[in-house]
Amino acid sequence: MVHLLLIAGAIIMVTPFLWMVTTSLKTYLESMQIPPTIWPETWRFDNFARVFESADFLRYYANTIFVTVLRTGAQLFLCSMAAYAFARLNFPFKNTLFLLMLSVLMVPMQVILIPNYALLAQLGWIDTFYALIVPGMFSAFGVFLLRQFFMGIPKELDEAAIMDGCTHWGIYWRIILPNAKPALVALAIFTVLAAWNDFLWPLVMTNSADMRVLSVGIANFEGQYSTEYPLLMAAALMSTVPMLLMFLFLQKHLIAGIALGGVRR
């Protein structure tokens, strides 16, 4: 019974993806048929080539990869340093500052969208990579996840390193980070997914076509009066494939990071 329920749930989850794949291979008329058809009568693989003809899709891809890589690298570095401070160092108001930082998680992004826009406008960062990258370089969730993991690493390792003359930077770089690879990989996956799929922030902060990322570029395939659904689905499929491959190759690390990070005190 459990396996049947899991299979049913898997079918429900996979069906939209399969529908996207089949629609990307249909003609426009087939995609608009009522009742809809599942398999295309004419397999139109040229829809993928038409995506690159209709828009500067390679530029969207390059922008998305650039923003995602920089945001992910910055979060791993900055969040891990902050997590080390909260997990290993003693300083005034440490717990209070940690609670204040966690309170940021309760504030919806839409609430601070206008103040952030006004701030970046004063800095002259609108329609630049600075607006897409810098606000996403730090994450309260990332600090929380890594701090919980760091607290589970035995402090005896720190003491042994101090006796050998190691500084806090040496402990962080040579002991904490090598022992926290599952949590770092988990945070990297979460950050990559968030940066790759981010839509509202790039939509508001960019104006020109040269600054568009995949999420905004794909949305532009939807017209005001009609939509080329095969092209839209083809573009969406091409933007989804890298995330699927990443999950397939790193799912073991993701599950390990969530499981280990969740049981840390």
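Visitor: Why is Thr167 called partly exposed?

Guide: In this predicted model, Thr167 has a relative accessible area of 48%. Buried means under 20% and exposed means over 50%, so Thr167, at 48%, counts as partly exposed.

Visitor: Where does Thr167 lie?

Guide: Thr167 sits in the loop between helix H9 (156-163) and helix H10 (168-179). Its C-alpha atom is separated by 62 Å from that of Ile38, and the two residues are 129 residues apart along the chain.

Visitor: Which residues of H5 and H8 meet?

Guide: From H5 there are Phe98, Met101 and Leu102; from H8, Ala140, Val143, Phe144 and Arg147. By class, this contact has six nonpolar, no polar and one charged residues. Arg counts as charged, so Arg147 of H8 is the charged residue.

Visitor: What makes H8 and H11 roughly antiparallel?

Guide: H8 and helix H11 (residues 181-197) pack at an angle of about 165 degrees, with their axes 10 Å apart. Angles over 145 count as roughly antiparallel, and H8 and H11 therefore belong to that class. H8 passes H11 in a right-handed crossing.

Visitor: Which residues make the contact of H8 with H11?

Guide: H8 contributes Phe141, Gly142, Leu145, Leu146 and Phe149, and H11 contributes Pro182, Ala183, Leu184, Leu187 and Phe190. These residues divide into nine nonpolar, one polar and no charged.

Visitor: Where does UniProt place the feature "transmembrane region"?

Guide: The unreviewed UniProt entry places the feature at residues 60-85, 97-117, 129-146, 183-204 and 229-250.

Visitor: How much of residues 97-117 and of residues 129-146 is helix?

Guide: Over residues 97-117 the chain is 57% helix and 0% strand, with the end C-alpha atoms 26 Å apart. For residues 129-146 the values are 67% helix and 0% strand, and the end C-alpha atoms are 27 Å apart.

Technical notes:
Residues are numbered from 1 along each chain as its sequence is written. This is a predicted model: local features need pLDDT of at least 70, side-chain atom pairs count only at pLDDT 80 or more; totals for chains, interfaces and linings use all residues. Side-chain values use heavy atoms; hydrogens and water are left out. UniProt positions are given in the numbering used here, feature names are shortened, and annotations may be inferred rather than shown by experiment. Helices (H or I, at least four residues) and strands (E, at least two) are DSSP runs, numbered from the N terminus. Contact means heavy atoms within 4.5 Å. Buried means under 20% relative accessible area, exposed over 50%, partly exposed in between (1.4 Å probe, protein chains only). Axes are lines fitted to C-alpha atoms, for helices over the stretch in contact, and angles run from 0 to 180 degrees between N-to-C directions. Angles under 35 degrees count as roughly parallel, over 145 as roughly antiparallel, 65 to 115 as roughly perpendicular and the rest as oblique. A crossing is left-handed if the near helix is turned anticlockwise from the far one by less than a right angle, and right-handed if clockwise.
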